[in-house]
Amino acid sequence: MVKILIIFLSLCCFSGPIHTQQQLDFCGTDIPSQNWEKIFSSLINDFIKTHEQNSSQQFTEYTIPVIFHVIHSGQSVGTFPNIVQAQINSQITVLNQDYAGTGFNYDTYPANAFVQWAIDQNLPPANLDPFGRVKIANINVKFCLAEKDTLGNILTEPGIERINLNSRGWVNPNTFTTPQTLRAYFDGTIKLGSIWNVRKYLNIWISDKNAAVPFTGFSTLPPLSTLPGITGGGEGTETTDGIWSYSSAVGSALIFPGGIYASPNVRGRTITHEAGHYLGLRHIWADGNCLTDFCADTPPAFTSNTGFPSYPLNPGSCSNPSNSPNGEMYMNYMDYSADPAKYMFTYDQAIRMQTAMLNSPFRNQLGTHGLCIAVLGINNEGNIIPDGYFLHQNFPNPFNPLTEILFSIPDLTNVTIKIYNLLGEEAAILSDQVRSAGNHKVIWNATDYSSGIYYYQLVTEKIRITRKMVLIK
């Protein structure tokens, strides 16, 4: 007898605990050096030339395995800062939606947003959506919770290493009262004693912090060479590369209301922002007044924005070039606006991130080691699925050894169903030629497969949807 249990993530109203009301605006990432930007700009130009020579070439799809190092001082799981798996899962969902261009509130983008800016800057069609706006870009970068550790062992909790700082003889991070001392302690002690291979994992450390420390996250920049002294400060090293975040800024109070958040407005955009730095982005005001972030489709900003601005914001605040009449792009993830107010990256920002993934020695091998296959939150896990698509919950006849995977799809297209085991190994490939819109089924003969956790992934030319299932025989 084969039974399939599909695990869905449901959305409900926020009712989780609020840890403390703190400002969630500030970032501690170092400003890139001029030498780093010069080298990076050269690599970007090479990337653009390659794409211009082959206009049909699409962005490469990357999937980044993530390990969260949860730093606590003996608290039980579910007690701050030792947050639960589901809160961390919601952060991965946020990352995947944000980097696909379908993040929370993306559908509130004003109808005329930055149309005049696009005209004045003569932006090419690739930077624009069908309405002539600066488009919300799909970066084609995905994130998954690592399912194996550095020795190849299966993690009990995907993507999580829980570390009791008392057992390591470490000082509690909340004792440091300045940004400089907090970062120095993480870089010199905590990261050094816990980092996983930076060519295989995106390391994210999460912990408590002192209220006197204004930022809620910082990241390293992508190194552009492994040779010392080539690019300057701010780049990750073998012992520092990755992101730090305040534990109660992790995840989304909308997706997982039962988490511990600094505010009910937390939507996981701290790590979305820091992952942007990790992939080579700068703040939209470039840490000065009306400086350039080297992206032609992000208007200059006089300084950072906070709270819940409205469009247009501060038109004419910068004059060379002028950002009038459209103003500043406060809804960009690389600003400091409140989490619900941010919902976009641009095409030029996508170019920078794709360039980093292709060229940085700490980025260009990520996702090539079979460390994870379940991509939460991008058109799957019960969140955002395009109209007309649906994966049914499957409960096969207990007398039938064949598992039916049922789905509805509106397109006339080829469908592939890929089955993966928990190790990320491909267990089976099934196909179905959809000859008409509507309900369909694919049969998986699970007779010879052992009980356990599997993933099945529906793949078409337009979409990729993943579901977890438990096989019990």
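In this predicted model, Ile71 stands opposite Ile163 in β5. That contact belongs to a parallel pairing in which 5 bridges join β3 to strand β5 (residues 160–164). Strand β3 also pairs with strand β6 (residues 202–207), again running parallel and again over 5 bridges; here Val70 is the residue facing Ile206 of β6. Then there is strand β4 (residues 141–145), which pairs with β3 in the parallel sense, with 5 bridges between them. On that side, Thr63 sits opposite Lys142 in β4. Strand β3 itself spans residues 62–72 and is mostly covered, with 10 of its 11 residues buried. As a reminder for anyone tracing the sheet on screen, side chains in a regular strand alternate between the two faces of the sheet.

Aromatic rings come next. The count comes to 18 aromatic pairs in the model. One of them is Tyr109 with Tyr343, an edge-to-face pair with 6.1 Å from centre to centre and 75° between the planes. This pair ties together distant parts of the chain, as its two members are 234 residues apart. Tyr109 sits in the loop between α2 (85–100) and α3 (115–120), while Tyr343 sits in the loop between α6 (269–278) and α7 (347–359). Are these two tyrosines buried or exposed? Tyr109 has a relative accessible area of 7%, so it counts as buried. Tyr343 comes out at 4%, so Tyr343 is buried as well.

Phe215 and Trp244 make another edge-to-face pair, with their ring centres 5.8 Å apart and 70° between the planes. Here, too, the pair links distant parts of the chain, this time 29 residues apart. Phe215 belongs to strand β7 (residues 215–219) and Trp244 to strand β8 (residues 243–246). Both Phe215 and Trp244 are buried. Elsewhere, ring pairs join up into a cluster made of Tyr99, Phe143, Tyr333 and Phe345.

Some rings have a charged neighbour instead. Which residue lies over the face of Tyr278? That residue is Arg363, at 3.5 Å from the ring centre. In a second case, the charged end of Lys209 sits over the ring of Tyr246, 5.1 Å from the centre of that ring.

Turning to open space in the model, rolling a probe the size of a water molecule over the atoms shows where empty space is left. The largest pocket has a volume of about 680 Å³. Its lining consists of 26 residues, and those lying nearest the centre are His51, Phe59, Ala126, Tyr347 and Ile351. Which helix gives the largest share of the lining of the largest pocket? That helix is α1, with 7 residues. Helix α1 covers 34–53, and both α1 and α7 supply at least two residues each to the lining of the largest pocket. Sorted by class, the lining of the largest pocket holds 11 nonpolar, 9 polar and 6 charged residues.

Finally, a few spots in the backbone deserve a look. Most residues other than glycine have a negative phi, and most peptide bonds are trans. Against that background, the peptide bond from Phe80 to Pro81 is cis, with omega near 5°. Pro81 is found in the loop between β3 and α2. The bond from Ser324 to Pro325 is also cis, with omega near 5°, and Pro325 lies in the loop between α6 and α7.

Asn105 is not a glycine, yet its phi is positive, at about 80°. Asn105 is placed in the loop between α2 and α3, the loop that also holds Tyr109. Ala286 likewise has a positive phi, near 55°, despite being a residue other than glycine. The loop between α6 and α7 is where Ala286 is located; Tyr343 lies in the loop between α6 and α7 too. With a relative accessibility of 4%, Ala286 counts as buried, because the cut-off for buried is under 20%.

Note on methods:
Residues numbered from 1 in each chain as written. Heavy atoms only, no water. Phe/Tyr/Trp six-rings, centres within 6.5 Å; stacked < 30°, edge-to-face > 60°. Helix = DSSP H or I, 4+ residues; strand = E, 2+ residues; numbered from the N terminus. Buried < 20%, exposed > 50% of the residue type's maximum accessible area, 1.4 Å probe, protein only. Lys NZ or Arg CZ within 6 Å of the ring centre and 35° of its normal. 1 Å grid on protein atoms, 1.4 Å probe; cavity = no way out; pocket = protein on both sides within 12 Å on 5 of 7 lines; lining within 4 Å. Points joined across faces, edges and corners; volume = space filled by probe spheres on them. Nonpolar A, V, L, I, M, F, W, Y, C, P; charged D, E, K, R; others polar. Pairing = 2+ DSSP bridges.
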